[in-house]
Amino acid sequence: MTSLPEPSAIKLGLVIDLDICVGCQACVVNCKEWNTSGYGAPLSDSDAYGAQPNGAWLNRVHAFEAGTGADAKVVHFPKSCLHCEDAPCVTVCPTGASFKRSEDGIVLVNEDWCIGCGLCAWSCPYGAREMDPAEGVMKKCTLCVDRIYNENLPSEDQVPACVRTCPTNARHYGDLGDPNSEVSLLVAARGGVDLMPEQNTKPVNKYLPPRPRRAANDTPMSLLAMADEATPSGFWKWVDSTLEKLG
Amino acid sequence: MRPAWSIIFFTSISGLGFGLAAWVVLGFIDLVQPQQIFGVGSLVMLLIGAGLLSSTLHLGHPERAWRALSQWRSSWLSREGVLAVLAMLALAGWGWHLFAIGTPPLWANIAAALLMAVTVYATSMIYASLKTVARWHHPLTPICYLMFAAAGGLLAVLWLQAILGQGQSDAFELAVLLALASAWGVKLVWWQIAGANGSGSTLASATGLAGLGEVRSIMPPHTSENYLQHEMGFVIARKHASRLRLIALGLGGGLPCLLVILYGGSAMGIGLALLVHMAGVFVERWLFFAEAKHTVSIYYGHQH
């Protein structure tokens with residue numbers, strides 16, 4: 001049934017820290033690596049080493065620049081399914097293949113039922129779904145449902161592949177339905193936001209905006225200024241005065 | 001949005017079929033002899049069926065298309081499928097009744113015509129229900145689809161009347177002209193106002209970076225076109241939009257009206273009018289997709 005379930009108490013999702021992400025693409029690659037051999041059909045590529053490589057990916061990192069002049073800031077921006085509470089991709093599905101789990105809120109595609117009409121991708125404001133070019137079924141982030149509940153894996157690996165691999169710890173995984181979970185506290189502390197809140201999709205995933213830049217008078221003096229104005233002491237004072245005597 | 005030929009053909013041809021069917025069941029063509037019932041019935045079924053069949057061509061798994069009939073509670077695409085099947089069954093039943101028993105009762109005719117209209121409405125709602133495409137998400141979108149189905153259907157009725165040698169009144173000809181004119185009138189308004197204010201989303205709201213000031217895209221996440229851009233980032237038409245709109249209006253509205261006025265009595269003349277009208281509707285439908293912008297293009301730096 002592609003009607004949405006009652007909102008679940010547990011809302012598993014990601015929190016992405018835009019202050020920390022360096023845009024290394026490791027999460028993108030590890031996502032592809034895990035999911036090409038995990039849930040559902042492989043994530044195919046065409047012309048992978050040619051002039052027009054194409055393929056299905058579940059996680060993509062954009063780069064934006066925000067602000068102007070000296071305050072301009074480059075923000076690396078990973079984007080994957082936000083596992084929305086009011087997921088339009090679920091209700092538009094004509095077959096029941098696209099569904100939201102009532103137990104933890106993960107949005108999944110039953111690939112055996114998917115007819116590949118693409119309407120769910122059209123209904124997603126974020127572009128979180130991509131049709132697999134070889135299999136003709138819709139692919140999307142599964143929140144690594146085959147890792148997070150997999151008791152055959154060591155406990156540190158029972159998190160989504162993108163979270164496990166992030167070298168800067170910019171990606172966090174947890175229950176956003178629990179106000180006292182680590183991720184919820186992080187969102188509260190850093191003022192985490194929804195993407196496109198005006199689309200009324202109620203995303204579970206949250207994004208932490210970059211921390212404000214330090215004020216101008218707080219920034220370290222330039223090295224040149226130090227060289228000209230600073231008065232050395234100790235050993236350097238002796239070097240300084242000796243050099244001056246040399247003329 | 002990418003204008004897929006299968007979808008353009010589906011919405012135009014099945015729209016014409018449902019429009020024609022509605023006027024037929026309301027008794028606008030005298031169907032007396034069995035070959036008339038069979039001939040007109042086959043034409044209607046062919047138009048509707050060809051459209052529906054075409055709609056399955058763009059699927060990744062057409063062999064599973066039957067599954068699309070299951071989610072009518074939430075999905076307009078599913079509703080459209082269910083209603084189309086019901087409409088075809090109702091038409092078959094209506095034709096059988098006419099053939100075997102006689103003219104069906106008035107309530108059945110009205111109910112069947114309403115079923116055709118609701119099916120066209122469901123087709124339009126597949127698109128109009130998508131909040132992500134501001135141009136489609138407008139109350140006039142279903143009106144456009146319904147008006148074009150009705151106008152095209154009336155023109156087809158006029159053509160069939162001429163072929164069957166049935167008397168055509170000037171009043172009916174005038175009704176056809178009015179239907180064509182008002183369909184294009186609504187379309188002109190739709191072109192002006194639908195989605196004019198965008199989706200309400202901006203790169204600032206899409207990234208949550210509003211607090212930092214103006215946001216610009218500096219690097220896409222991939223080096224060549226991906227599925228999202230192929231499917232939802234279509235931009236070719238926007239360059240020629242105004243010219244293509246004129247062509248659509250001329251072929252779909254102006255020329256057919258002229259042909260009906262000049263050659264109203266001839267099956268050949270009206271047949272030609274119907275052909276150019278459909279050519280115009282194809283262009284209109286192509287623009288419907290090609291001109292529409294999706295919110296995902298915001299992430300790729302397009303203004304919305």
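Figure 1. Although Asn169(A) is a residue other than glycine, its phi is positive, near 60 degrees. The structure is a predicted model, in which local features need pLDDT of at least 70 and side-chain atom pairs count only at pLDDT 80 or more, while totals for chains, interfaces and linings use all residues. Residues are numbered from 1 along each chain as its sequence is written, and chains are lettered from A and ligands numbered from 1 in the order in which they are written.

Figure 2. Lys202(A), which is found in the loop between helix H6 (182–190) and strand E11 (206–208) of chain A, is not a glycine, yet has a positive phi of about 50 degrees. Because 15 C-beta neighbours lie inside 10 Å, Lys202(A) is classed as partly exposed, whereas Glu85(A), with 20 such neighbours inside 10 Å, counts as buried. Glu85(A) belongs to the loop between E5 and H2 of chain A. Asp112(A), by its C-alpha, is 24 Å from that of Glu85(A), and the two are 27 residues apart in sequence.

**Figure 3. An open sheet built from strands of chain A and chain B.** Three strands are arranged in the order E5(A)-E4(A)-E1(B), with antiparallel pairing, and strands are said to pair if DSSP finds at least two bridges between them. E5 of chain A and E1 of chain B stand at the edges, each with a single partner strand, so one side of each is left without a neighbour in the sheet. From one strand to the next the twist averages 40 degrees, where axes are lines fitted to C-alpha atoms, for helices over the stretch in contact, and angles run from 0 to 180 degrees between N-to-C directions. E4(A) is joined to E5(A) by eight bridges and to E1(B), residues 215–219, by four. Ala63(A) has His76(A) as its bridge partner in E5(A) and Met219(B) as its bridge partner in E1(B). Helix H1 (residues 26–35) of chain A lies across E4 and E5 of chain A and runs at about 165 degrees to E4(A).

**Figure 4. The side of chain A that touches chain B.** In chain A, 54 residues are in contact with 47 residues of chain B. Strand E4 (59–66), strand E5 (73–80), helix H2 (88–91), helix H3 (119–123) and strand E8 (130–131) of chain A each supply at least two residues of this side, and the largest share, seven residues, comes from E4(A). By class, the side holds 32 nonpolar, 16 polar and six charged residues, with Ala, Val, Leu, Ile, Met, Phe, Trp, Tyr, Cys and Pro counted as nonpolar, Asp, Glu, Lys and Arg as charged, and the others, Gly among them, as polar.

Technical notes: Contact = placed C-beta atoms within 7 Å. Buried ≥ 20, exposed ≤ 12 C-beta atoms within 10 Å, placed from the backbone.
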